[in-house]
Amino acid sequence: MHEAVQAVILGVLTGGVYALMASGQTLIFGVMKVVNLAQGALVILAAFLSHSLFTAWGVDPFLSVLIIAPLMFALGAAVQWLLLRPLHQDDAALLSLLVTFAVALGIEGALTVVYHTDYRTTRPAYVDRSWRIAGYQVGEVRLAAFALSLITLGGLWMLLSRTRFGRSVRATVQNPVAARLLGVETARVAALGFGLGAATAAAAGAVYGMVYSFNPNSHYDLISRLLSVVILGGLGSLGGTVVAALVMGVASSLVGALASPVWSDFSFFVVLLAVLLLRPQGLFGARLRGAL
Amino acid sequence: MRHPYRHASSSRALFAAVAATAVLVACSSSAKPSSSASSHAPLKIGISLSLTGDFSDPGKSAERGYRLWADTVNAKGGILGRKVQLSIVDDTSSPTQVVGNYQNLITKDHVDLTFGPFSSLLTIPASQVAKRYGYAFLEPAGGGPKVFAQHLHNLFFVQPAPVVKQGDVFADYILSLPAARRPKTAAYPALDDPFASPIADEVRTRLEAAGIKTVYQQIYPAEITDLTPVVSAMAAKKPDLVVGGTQADDAYRMVKAMVQLKWAPKLLYLSNGANDPHNFPGNVGASNVDGIFSSGDWFPSSNTYGNAGFLSAYTRKYGGTAGTIDSTSAEAYSCGQLLEEVAAKTGKVDNATLISALHTGSWQTLEGNLSWNADGAANSSYVLVQWISGKMLPVYPAGRAQHAPVIAALPWGG
């Protein structure tokens, strides 16, 4: 019983890390409907930048987010403006897959040249700390990641639902022609939205770098999980992202601890398939017409 | 009477015969080691290395080792008066490209000798090319079981033993302890990798035979990013000893998971990852390394043949500190040491002499004293190392040890 409870706690905390990593993907893929295969690479890029700031100048990884986020925003906006915007509208969904995969490979290549393929971990003094609560261990960094994911996703929700920019994003996705007729600069909005999604990778990367060891190839392990979390949660549902990440974390952790780690990742995909068979729009997704 | 035509015809026939013979000789010599090079011609050694692609980092480490050896031996006047000239070409980490590279090195560049590439994946096809043309194949980094399953008489793996034997030295150490001090139970988590899980299996077989009970055994896939659930399940079984069949990343993750859970066994051995003096402390924390065992073929503090000279020459040529030297560089350098020794002992430096000489007796290298079985697997053993006071030190066997093994609680143990 102790083993199972500890596994659930670990799963919830891991789910928090994944929710944070999936927050940008929720905006780009879930809301803007761009299949973004570069999000994992953006997270790893941010992890390297955070690691460099920490090792070179002692910048705390959580504080490094304030420096890295604007850079990631600029990179994301540039990718959208220069590479995705020119795509023909009819083929955009399919071609964005290839373009963002190329971006991921480009980031991986650049990181390999600069940092080589050795694994690294960002290790501030508090990285090993954990609380013992009723006989169970709760890692401080993972708990902070959980809180950060809730803050990030809450911020995105506020942005999308309570601001003019958010309405512009949703209008651009649902009907770009009508949005343009109403005065929305759709190209600019799309670039800003993509940039915003990329900026969230700063927080995700800083946390990933502390919790896991990473090298330039690590994004391959991430991307399928991030896409799956967004789909399971329901495209465009920010709350669904958190729930889906928790389902993934707990399912993987329980199976890894109680059965076999060989099946831990597969268990999540079983859940994903089961949910999609019964509820194709995902756990919290709405059936929308007109979405791209 | 001389018949002009006949004379001419005879001349043409003679010319044709000479030309045909020359072509045949040329063809023949193009597929044979050029042992007839003049005594002062450079000694050309062909090597294919992964300078780009997946293995580019260790490939470049091997290149540094080879080039350092060539510089060192040339500074001493070369081998038997011949300067060493390395022909190093990039195989892009591709098992297809490596075949073409060795074909070209042997048949077009007419190198005198060949040294091996990085990884078993590339060594297997490369060694077959060398075999076809009768070349000796001293290789620093292909120690997987399939390399030796080829039964190639010309191949020599320049490390102490096949990779799957890496953990045997730890089993030797445990079994050398008095029965009262031996662990009673053990856990064997291992990465699903041909260079990881077989190592743990070998140790488990020996420890089980000695009565140490296995309480946990688990193979985990390379894709698993978080080993905390595995460690949590293992901790519930309360093993005295954990033998991890690990590579780099999963070794870091395993230690980090133990630290997070504040659980530590009495003894912890990790086959790889923990034997990296540069990256291991950086990934798991310098304060978390003490007490952890690992094993390997070469370490900066090794007291093996030529190691002091190697360390000073390396840091002089490439900078950095001894602690940052990749063992692959030492393995590559050792290939050159063997060549020097065979030449000094036999007065020859051709492939046939190399093959027959290396199959006889024992030879000194940075990797220790090496001898080989018929399939090219070295008959020695790895060195057991342990992190003690923040330093990774050889602790077993006694002949290679610089410190006695220490059995003490791991730093994060609850």
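Leaving aside neighbours within four places in sequence, A:Val43 is in contact with A:Met21, A:Ala201, A:Ala204, A:Gly205, A:Tyr208, A:His219 and A:Leu222. The model described here is a predicted one.

**The largest nonpolar core**

- The largest nonpolar core holds 211 residues, and A:Val43 is among those that touch the most other members, together with A:Met21, A:Ala46, A:Met72, A:Ala202 and A:Val207.
- Helix 8 of chain A, residues 186-211, gives the most to this core, contributing 16 residues.
- In chain B, domain 1 (43-164 + 303-370) and domain 2 (167-271) both give residues to this core, so the core lies between these two domains.
- In soluble globular proteins, nonpolar side chains tend to be buried together.

**The contact between chains A and B**

- The contact takes 28 residues from chain A and 27 residues from chain B.
- On the side of chain A that touches chain B, the elements giving two or more residues are helix 1 (2-31), strand 2 (136-139), helix 10 (238-258) and helix 11 (264-278) of chain A.
- Helix 1 of chain A provides the largest share of that side, namely six residues.
- By class, the side of chain A that touches chain B comprises seven nonpolar, 14 polar and seven charged residues.

**B:Phe137, a buried residue**

- B:Phe137 belongs to strand 4 of chain B, which covers residues 137-139.
- B:Phe137 counts as buried because 28 other C-beta atoms lie within 10 Å, where the cut-off for a buried residue is 20 or more.
- Apart from neighbours within four places in sequence, B:Phe137 is in contact with B:Thr114, B:Gly116, B:Ser127, B:Ala130, B:Asn154, B:Leu155 and B:Phe156.
- B:Leu311 is 174 residues from B:Phe137 along the chain, and the C-alpha atoms of the two are separated by 25 Å.

**Helix 11 of chain B**

- Helix 11 of chain B (residues 307-318) has twelve residues and reaches 16 Å from its first C-alpha to its last, close to the 16 Å expected at 1.5 Å a residue.
- Within helix 11 of chain B, the residues B:Asn307, B:Phe310 and B:Tyr314 are buried.
- The buried residues of helix 11 of chain B pack against helix 2 (56-75) and helix 12 (327-346) of chain B.
- B:Ala308, B:Gly309, B:Ser312 and B:Arg316, on the other side of helix 11 of chain B, are exposed.
- Just after helix 11 of chain B, B:Gly319 adopts a positive phi of about 80°.

Note on methods: Residues numbered from 1 in each chain as written. Chains lettered and ligands numbered in written order. Predicted model: local features only at pLDDT ≥ 70, side-chain atom pairs only at ≥ 80, totals over all residues. Core = buried A, V, L, I, M, F, W, Y, C linked by C-beta atoms within 7 Å. Buried ≥ 20, exposed ≤ 12 C-beta atoms within 10 Å, placed from the backbone. Helix = DSSP H or I, 4+ residues; strand = E, 2+ residues; numbered from the N terminus. Domains from an automatic or database assignment. Contact = placed C-beta atoms within 7 Å. Nonpolar A, V, L, I, M, F, W, Y, C, P; charged D, E, K, R; others polar. Expected span 1.5 Å × (residues − 1).
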